[in-house]
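Trainee: I'd like to learn how to read a protein model. Could you walk me through this one?

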Amino acid sequence: MTTSSSPRTPPSGPSRGRASTARQRGAYDRIRQAIVSGELRPGDPLVETALAEWCQMSRTPIREALTRLEQDGIVVRTDRGLIVREDSPEDVLDLYETRIALEATAARMASERRTMHDLLQMHQLAQAMIDMESPTPPAMAAANDRFHRAVWRATHNRSMIDLLDRLGLHLGRYPATTLAFPGRWERGNQQHLALVQAIENRDGDEASRLATEHFTESRNIRLKLWTGHPASEAEASV
């Protein structure tokens, strides 16, 4: 019996599509993380050939990843080509104004739709933040992100979660966390507890008010960090 020496037919259809998607996702995640972490800074050029070499993959998934990042709004096209977006204080203010409105809506929605599992997660994450001993700013930011994402999940609204995730991507590019501002960590933790209680009580008005207050204070601190204004004694209690 003879056997064929011809090469196997390369995979096609869904399997090839999944492989392509995985490569694109890998490029997207890696470049996105580099932007969020500050490894790629505002104004840095994004050159396909250099990124392909850095990610050790072809230019096609890099090109697709850059298109997605441009759609996300953290990469912009200029006469110099694609660069990491540079934001002004006004841009940051706009992002926070949008986030305040969405977080207030999410808190109200969570109070209406939360499950017992949602409440358990929020309680645990809020208490874990209080129990942290001498947390570093990165640890603060990570714990805070986990808590607020639990609130988002309690909305059981994919569109809301996606919108908040996109806003978080923009705001996450600023490395100095507002939680390291004098007094902010302690006050923020108390606000988290109050927010969970309002959600547990299904008090949408109170949950919305608390979320608005919490993120308005974060916005004000962010602008102070941006401009380099020192904290006064009154501000330290915020």
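Trainee: What share of the residues in the protein is buried?

Mentor: Buried means under 20% relative accessible area, exposed over 50%, partly exposed in between, with a 1.4 Å probe and protein chains only. Here, 39% of the 238 residues are buried. This is a predicted model, where local features need pLDDT of at least 70, side-chain atom pairs count only at pLDDT 80 or more, and totals for chains, interfaces and linings use all residues. Residues are numbered from 1 along each chain as its sequence is written, and side-chain values use heavy atoms, leaving out hydrogens and water.

Trainee: How many helices and strands does the protein have?

Mentor: Helices (H or I, at least four residues) and strands (E, at least two) are DSSP runs, numbered from the N terminus. This protein has nine helices and two strands, and their order along the sequence is α-α-α-β-β-α-α-α-α-α-α.

Trainee: Which residues are buried in helix H2?

Mentor: First, the general idea: an α-helix has 3.6 residues a turn, so residues three or four places apart point the same way. In H2 (residues 48-55), the buried ones are Glu48, Leu51, Ala52 and Cys55. They line one face of the helix, because they fall within an arc of 105° seen down the axis of H2; the arc is taken from the directions from the helix axis to the C-beta atoms. After H2 comes Gln56, with a positive phi near 60°.

Trainee: And what span should H8 have?

Mentor: Take 1.5 Å times one less than the number of residues. For the 17 residues of H8 (residues 184-200) that gives 24 Å, which agrees with end C-alpha atoms 24 Å apart. Just after H8, Arg202 has a positive phi of about 55°.
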